[in-house]
Structure formats: structure tokens, C-alpha cells
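Subject: Structure handover and findings

Hello,

Please find the structure below, for you to open alongside this email. The notes after it go through what was found.

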Amino acid sequence: MAVSSGFATTIPGAKMETFLSLNSSSYCTSSVSFVLPQDMRVSCKPSRNNFRRRVSLNHKGGGVRCEVSTASNDVALAAEIDPARVSSLSALEQLKTSAADRYTKERASIVVIGLSIHTTPVEMREKLAIPEAEWPRAIGELCGLNHIEEAAVLSTCNRMEIYVVALSQHRGVKEVTEWMSKTSGIPVSEICEHRFLLYNNDATQHLFEVSAGLDSLVLGEGQILAQVKQVVKVGQGVVGFGRNISGLFKHAITVGKRVRTETNIAAGAVSVSSAAVELALMKLPESSHSSARMLVIGAGKMGKLVIKHLVAKGCTKMVVVNRSEDRVAAIREELKDVEIIHKPFSDMLTCAAEADVVFTSTSSETPLLLRDNVKDLPPVGSEVGGSRLFVDISVPRNVGSCVSDLENVRVYNVDDLKEVVAANKEDRLRKAMEAQAIINEESKQFEAWRDSLETVPTIKKLRAYAERIRIAELEKCLSKMGDDISKKTRRAVDDLSRGIVNKLLHGPMQHLRCDGSDSRTLSETLENMHALNRMFSLETEVAVLEQKIRAKQNQK
């Protein structure tokens, strides 16, 4: 603890009081004795409302005494001042003293740390992207962070969003951001420049809007709902995809379905794939729309949609490069009047040389087409504008940015689709207002459900408290009855004690249960919870938080 030079001033027979503001690394945790000149005595006591220390200097006795009683336990300790000892205090001891009030006033928060097409360029998003197969690993690593309890990853071509339940908003965001920096190689400062942060109800509302297609580049597009469903499917059974996050994503699926059922926001809405086709046709001379040679690289969900939209625009022949011929055959069977030619990836460059427009939509984490691959391709004819088009809707990108430097080549990625979706935006915004009303209603229901979960620990603690008393009193009773009592009698006494406890607990338990549908009832339920915690001295929030952080530390 640092003592200012003012303490050395001689003030005979006087008493001086001052307040020292101590931060989390230099707080007074014990009673400390040391000698000051002028025979002054220092008495140091904390304020109950914050962590400023009151220091009194008295011209009495031969030493200085600093006594600290924290608001949490009001216990005074004594120790020699030792800077090394103070600096080595554990995280739990710091929690109990310097940060307890600020750190435990709020419950664990739902937080989203996001980078989307609205805030972040594709160059950064592709570095942050996490393949679906890696989501369980990412959840495990995120939940291994000190202040993260639950986690989920939503990584698509338009967004990279991490949803967590954090014991501390500030610390949780810091840890997750540092983890994102470590996994992507992007500096923390750069991530902070582009990210957005949302907490609790705002985070809930955001995910519901995402699931409903309101936050998509193409308003109302349906593919994002399938991606939200995939988050739940992948997360099932993964430690860390816990009750809060799982409940949030499952509710988001319900919201997405309801919005599409009760509004016509999806009617006429285009997907990223259809916008890619529209963009390509906008860049081609209208006379070449039916004759341009089309190549689609990748026949997954996005590639299949590209093929369907090309057919809808009048294309009757195309080449599809894909590892599996079975997938292309299935598409060919579905679109019987279209000539779809399958080629393996080994023929990709040969096919590109014969195409006027190349669509790419694979899950490759590295570019498939680079400058050296493309520079030697033969030029295309003037009837298609004299430039070969590459429309890349993959994230990470399949076409390297260096390709766009070549003459007679034009490269477009998902960020360039904004030009297409601007059309008919006003009409879709009217539909979005209808959807927003549904989202607001569903957000309230989810928050009420989450609030009702607060009573679960109290229910468990109260039942455990009653059970401890029951067992103790039962053992006393049986010991007085002797060793020769029958099993039937033992069972009867045990049943009697259980029946009494259950009947006594019935009323309190009823007042701790709430389905979350009535805000007034929910408010009363939470008041009852706090009252029971006080009456029975059940675990405080600080104790629960200590257990969670200690468990985190023991895992390491």
C-alpha cells in the first residue's frame, strides 16, 4: 500500500482523516502495523458502498495500524506490509475485496461479439471464419476462458458471431476478443475497430432478427435460418453449449419460423446465391444472357442454389466442378431439362478457360484460383463484354484478391452484392416492420424464461438445506430408539420425516416457480427468491461466483 508524503508531516496532538482510493491491485486486505515518525497512529477502514479506504492518523501510541473490514465478511486480519505478498494475491481474494461489489451486482450476461458484412470487410471475415467441423473445439476453448460459462459460434459468409454467457461483461468480452485475435492472427485493436457488442436483451433481439432474415444482406433470405438450426445440431452434447445459449438458439429458430409463417417477408426475397446470379447478369450484355458459358465450382447448398437461379434465368447448359459426382447427379435429376456437366476438381482450370462466368462456392479455407492460375487463361469474346467474370460467394474467398489486378478479368465477392439487393428494399422494409413486432414479443418471452431460471439455484439450495436438517434429526431420533428397531419402523420414521419436510417446503417451492408468462408474477417470484435467500442464509452471489471461478482454475 502506497503512503503519500503527507503522512510524514508533524501534526502534534492533532487527528487527520483522509480517503485513499485503492485499485484492485493495491487494496488493503488485512490489518497492518508499521512505525511512522512523530508517533502517529493510522486507522484504515473501508467504506461499505465502495472500495475507498478511510485512514485516520492519531498522535497516540507508537505505531500505525491499518484495519480493514470488507463489506462481505467484516473480518479484520493482521499482517506485515509486503508488496510482493499483496501483488501475488489470488484472483479469488481480489474478487472478495477490491471488485466484489462491481463484479457481482449483475448476473451472468448473454453477450454477442460480432463482425458482420455491415461492419467488417470480407478480408477480415475470412480470417475469422470457423468451419462447422471446428465449432465444438471453439466452444470448448471459449468455455475454458476464466469468465465464460457457455458459448456458441455462428460463422457464415456474411458474419462471424460468438455468443457467450459471461460471468463478467468486461472481462468476458476482453477474453473472447483476445481468443479471436489468437485464432485469426488479427490484432485485437483491429478486431475492436470493426466488431459490435450486444448484451442480454439486445443480444437476444439481434439473434432473433438474424434468424428471421432481418439482418441479412438480402432481407428475408431463408438460408440463415438453416444455419442457426445447424448451430443447435452441432452444439447438442457439446460441453459449454449450455442451457442459456441452447435455449436462446432454439427460441431463435421458433422466431425465424414464426416470422416466415405470419409475414410474407420471404415472398420475392432473394438469397445470396440468387443475388450473385443477378449481379453476373447485370455485368453481362443483355444479348449474351442465354449464350454465356457458365461454370459453377462447388455443388453444396450455395452452389445448388446458384444452379437453380441460373436455370430460372434461362440458362440451359452449364459445367459444375465438384468432388462428388453423386451430388451433381442429384441436381441433374431434379432439373431434368437442363444440361449439367460434371467435372472433377483436377479439371477446374481447364473448365475456367472455357467459361465466360465462373461462380465459386466451396468450403475451401484457401483460395482455389490465384493470379498465376488465371493470367494464362485465354481471353473471352467481345459478345460477353470482353472480360471474364468471377463471382465468389465463399468466405473464406475461393478467388484470391490478386486476380482482380489482371486485365480483362472482373472479380466480385459477397460484399459486392449490395448493388443487387438495393432493389425493392422499400417493399421488404414494410414487411420487416411486421416481423419486428413478432421479434419484440418473442424477446420478452425469452427474457421472462431466463429470469425464471434465477430461482432454480435457490430451489436446489433450499431443498438441500432442509434435507441436511432432516437427515441430522432423523439420525438423532434413530439413535435414541436403539439398534433393535425393525427395518419397517426405520422406514416409517424416514417416510414421516420426508413427508413433514415436503409439506413444509410445498408453499415456498410454489412461490419460487414461475412459467415466465406473467411479468407481475415473475417479479413477485424473484422477490420471494431474495427473501428466502436472506431468511435461510443460502449461498450468496459472491459464493456462487467463487465456486465458478475456482472450478475454472481447477480445470487448468
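Helices α9 and α10 are roughly antiparallel to each other, because their angle falls in the class over 145 degrees. (On that scale, angles under 35 degrees count as roughly parallel, 65 to 115 as roughly perpendicular and the rest as oblique.) The model is a predicted one, in which local features need pLDDT of at least 70 and side-chain atom pairs count only at pLDDT 80 or more, while totals for chains, interfaces and linings use all residues. Residues are numbered from 1 along each chain as its sequence is written, and side-chain values use heavy atoms, with hydrogens and water left out.

The α9 and α10 pair

Two packed helices are described by the angle between their axes and the distance between the axes. For α9 (residues 223-235) and α10 (residues 243-262), the angle is about 155° and the axes are 9 Å apart. Axes here are lines fitted to C-alpha atoms, for helices over the stretch in contact, and angles run from 0 to 180 degrees between N-to-C directions. Helices (H or I, at least four residues) and strands (E, at least two) are DSSP runs, numbered from the N terminus.

The crossing of α9 and α10 is left-handed. A crossing has that hand if the near helix is turned anticlockwise from the far one by less than a right angle, and is right-handed if clockwise. On the α9 side, the contact (heavy atoms within 4.5 Å) is made by Ile-224, Leu-225, Val-228, Lys-229, Val-231 and Val-232. On the α10 side, Phe-249, Lys-250, Ala-252, Ile-253, Gly-256, Lys-257 and Arg-260 take part. By class, this contact has 8 nonpolar, 1 polar and 4 charged residues. Ala, Val, Leu, Ile, Met, Phe, Trp, Tyr, Cys and Pro count as nonpolar, Asp, Glu, Lys and Arg as charged, and the others, Gly among them, as polar.

The α11 and α12 pair

Helix α11 (residues 272-283) packs on helix α12 (residues 301-312) at an angle of about 45°, with the axes 8 Å apart. That angle makes α11 oblique to α12. Their crossing is right-handed. Val-272, Ser-273, Ser-274 and Val-277 of α11 meet Met-302, Leu-305, Val-306, His-309 and Leu-310 of α12. The residues of this contact divide into 6 nonpolar, 3 polar and no charged ones.

Ala-299 lies in the loop between β10 (294-297) and α12. Its relative accessibility is 3%, so Ala-299 counts as buried. (Buried means under 20% relative accessible area, exposed over 50%, partly exposed in between, with a 1.4 Å probe and protein chains only.) Leaving aside neighbours within four places in sequence, Ala-299 touches Lys-304, Val-320, Asn-322, Arg-327, Val-328 and Ile-331. Ala-299 and Ile-331 are 32 residues apart in sequence, and their C-alpha atoms are 8.6 Å apart in space.

Aromatic pairs

How many aromatic pairs are there? The count is 3. Rings of Phe, Tyr and Trp (its six-membered ring) pair if their centres lie within 6.5 Å; planes under 30 degrees apart count as stacked, over 60 as edge-to-face and the rest as tilted.

The ring centres of Phe-208 and Phe-446 are 6.2 Å apart and the planes are at 80°, so this pair is edge-to-face. It links distant parts of the chain, with Phe-208 in α8 (residues 201-212) and Phe-446 in α17 (residues 425-452), 238 residues apart. Phe-208 is buried at 0% relative accessibility, and Phe-446 is buried at 0% too.

The rings of Phe-241 and Phe-249 have centres 6.4 Å apart and planes at 50°, so that pair is tilted. Both of these residues are buried. Tyr-163, Phe-241 and Phe-249 form one aromatic cluster.

Backbone points

Most residues other than glycine have a negative phi, and most peptide bonds are trans. Asn-200, in the loop between β9 (196-199) and α8, has a positive phi of about 50°. Asn-408 has a positive phi of about 60° and lies in the loop between β14 and β15. Asn-408 is partly exposed, at 45% relative accessible area. The peptide bond from Val-395 to Pro-396 is cis, with omega near 5°.

The whole protein

The protein has 21 helices and 15 strands. Of its 556 residues, 47% count as buried.

Regards
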